[in-house]
Amino acid sequence: MAVFKTENLTFSYPKSDKKAVDNINIEIEKGELVLLMGESGSGKSTLLRLLKTELSPFGKITGNILSNCKSVAFVQQNPDTSFVSETVRGELAFSLENRNMTDSEIAVRLGEISSFFNINDILDCRLSCLSGGEKAIVSIASAMIDDADVLILDEPFAQLDPKAVLSVSSMLKRINTELGVTVIMASHSSAEVIDFCDRLIVLKCGMCICNTSVREAVKDNSLLDFFPAFTGLFDERPLTVKEAIPLSEKFREKPLTSESETEPTVVLKNITFAYGKKELDILSRLSYTAYKGKINSVIGSNGSGKTTLIKVIGGIKKAYSGKVKATGNVCYMPQNVRCLFTKDTVGEEISPATAEKLGIADCINQHPFDLSGGQAQKLAFGILLEQNADVFLLDEPSKAFDAQSKKSLAEILKGLCSQGKTVIMVSHDIEFVGEVSDYVSFLSDGIISSAGGRREVLSSLKFYTTQIRRITAWNLDFAVSAEDLI
């Protein structure tokens, strides 16, 4: 039985000649776990919002959406934008109170939901104090507390560290298999869920180009960008690290060469920072160096202080003690890139040439807040490019990017470095870090606990490392990306 069926579904945003969703005909069966993928701006988020009537975007719509479900829960990419209470308990109870449930009924429901989602220990915590992974779990729990039979998620892993990704993906599998809830999620990364997905739907320019089982889709060479980084390296097309490890014995690695150091452009010495005098130190006597003409990446868990670090570098936050030295003009791209948008159209924010360079020329007349997550990232980066800064501070720059957009971003970053610019990025996208970085620093417990060349650092880590490293660690010493293999 289908919970959703679309018939020639087409949608366009105001002031745009482009069809965000173009003649979509799909059926989603009850109890399926469906992964929705596609390039940035391909229409994923638009399609998801059209399925949730209350969130349908404003614009021109034709065709039909037939729904056969009692309740649809929707989890946005950034949980902070959907929270309405200060504490976890308040957030979970909010919708129940609006349904005029009694205190005893609410208590029973809270007990059930907190046990299933394993959040008993944080029920009375403030939402602002939670890690990214905990916020993601709470947002899913609050969405599910109303007995929804369909759960829709937009980029649920976009801002999570590897540990949190594992927790959230495991929870989604439980929701689907143990509760029988239909799960539909949009994501640019499939590695976390591809082995237990029932179906893969891929959009391109608003049109559906794939709607089949994962095992069928992986046979199509044109779709390999939507699978784990190692899948396309083998004729057998493994979907998991477990499947790929025994196949990787054929690989050899390129010799390890030391990265040639250039002059430091950012130097931090003994930096200590806390958000209040009575708060714990986020950074504690931290020292850090970033080099000119290089891509310097910082990785670490949610809440480890990565964003704080680049804010201190940029002068946005002032350290309690220690010294910061940055050479040249500095620009900063925050996680919430929409903070940078001040104009009514993309064309007012950046020049046509920059829009063309970033692949958003067809969005030139759109309002910045109508852009998809990936398009918004590109616009924000375009704003930075036109500032002609010497040091680029980037907070999760590849967030909401598809594989091709990441390749384009990598080329632009390397182009900046060739001009003598310095790139400092913090990221949970370990695959991207492993492909483009010159130097990598691992931030934990308020200090840089490991720093050095890309291959040396990522090959020394077990959890915060790449898929290529995971499948080759047993027989290779320093391979962390496909480029390192022979």
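Cys-205 sits in the loop between β9 (199-204) and β10 (207-212), where the helices (H or I, at least four residues) and strands (E, at least two) are DSSP runs numbered from the N terminus. Cys-205 has a positive phi of about 50 degrees although it is not a glycine. Most residues other than glycine have a negative phi. The model is predicted, so local features need pLDDT of at least 70 and side-chain atom pairs count only at pLDDT 80 or more, whereas totals for chains, interfaces and linings use all residues. Residues are numbered from 1 along each chain as its sequence is written, and side-chain values use heavy atoms, with hydrogens and water left out.

A second residue with this backbone feature is Asp-147, whose phi is near 65 degrees, a positive value in a residue other than glycine. Asp-147 is placed in the loop between α4 (132-144) and β7 (150-154). With 40% relative accessibility, Asp-147 counts as partly exposed; buried means under 20% relative accessible area, exposed over 50%, and partly exposed in between, with a 1.4 Å probe and protein chains only.

The chain as a whole comes next. Its secondary structure comes to 15 helices and 19 strands. The radius of gyration is 23 Å, close to the 23 Å that the globule rule gives for 486 residues, so the chain is as compact as a globular protein of that length. This radius is taken over C-alpha atoms, and the globule rule is 2.2 Å times the number of residues to the power 0.38. Along the principal axes, the C-alpha atoms fill a box of roughly 60 × 55 × 50 Å. Of the 486 residues in the chain, 53% are buried. Among contacts (heavy atoms within 4.5 Å) between residues at least 6 apart in sequence, 68% join residues at least 24 apart.

The chain exposes about 21,700 Å², and carbon and sulfur atoms supply 48% of this area. Accessible areas come from the Shrake-Rupley method with a 1.4 Å probe; for residues, only the protein chains shown count as cover. The mean positions of the 53 positive and 62 negative charges are 4 Å apart. Lys and Arg count as positive and Asp and Glu as negative, while His and the chain ends are not counted; the place of a charge is NZ of Lys, CZ of Arg, CG of Asp or CD of Glu.

Within the chain, helix α8 (residues 306-313) has 6 of its 8 residues buried, so this helix is largely enclosed by the rest of the structure. The buried residues of α8 are Lys-306, Thr-308, Leu-309, Ile-310, Val-312 and Ile-313. Just after α8, Gly-315 takes a positive phi of about 80 degrees.

Glu-91, in helix α2 (residues 88-98), is buried with a relative accessible area of 8%. Setting aside residues up to four places away in sequence, Glu-91 touches Ser-82, Phe-83, Val-84, Ser-85, Leu-127, Val-138 and Ser-142. Gln-375 belongs to helix α11 (residues 373-385) and is buried, with a relative accessible area of 8%. Not counting residues up to four places away in sequence, Gln-375 touches Lys-18, Ser-40, Gly-41, Ile-360 and Cys-363. Ser-441, found in strand β18 (residues 439-444), is buried with a relative accessible area of 6%. Leaving aside neighbours within four places in sequence, Ser-441 is in contact with Tyr-288, Ser-297, Val-298, Ile-299, Ile-448, Ser-450 and Ala-451.

The aromatic rings complete the account. Rings of Phe, Tyr and Trp (its six-membered ring) pair if their centres lie within 6.5 Å; planes under 30 degrees apart count as stacked, over 60 as edge-to-face and the rest as tilted. By this rule the count comes to 8 aromatic pairs. One of them is the tilted pair of Phe-234 and Phe-251, at 5.3 Å centre to centre and 55 degrees between the planes. Phe-234 lies in the loop between α6 (214-217) and α7 (241-244) and Phe-251 in the loop between α7 and β11 (264-273), so the pair ties together parts that are 17 residues apart in sequence. Both Phe-234 and Phe-251 are buried. Phe-273 and Tyr-275 form an edge-to-face pair, with 4.8 Å centre to centre and 90 degrees between the planes. Here Phe-273 is buried, with a relative accessible area of 5%, whereas Tyr-275 is partly exposed at 44%. Ring pairs link Phe-273, Tyr-275 and Tyr-320 into a cluster.
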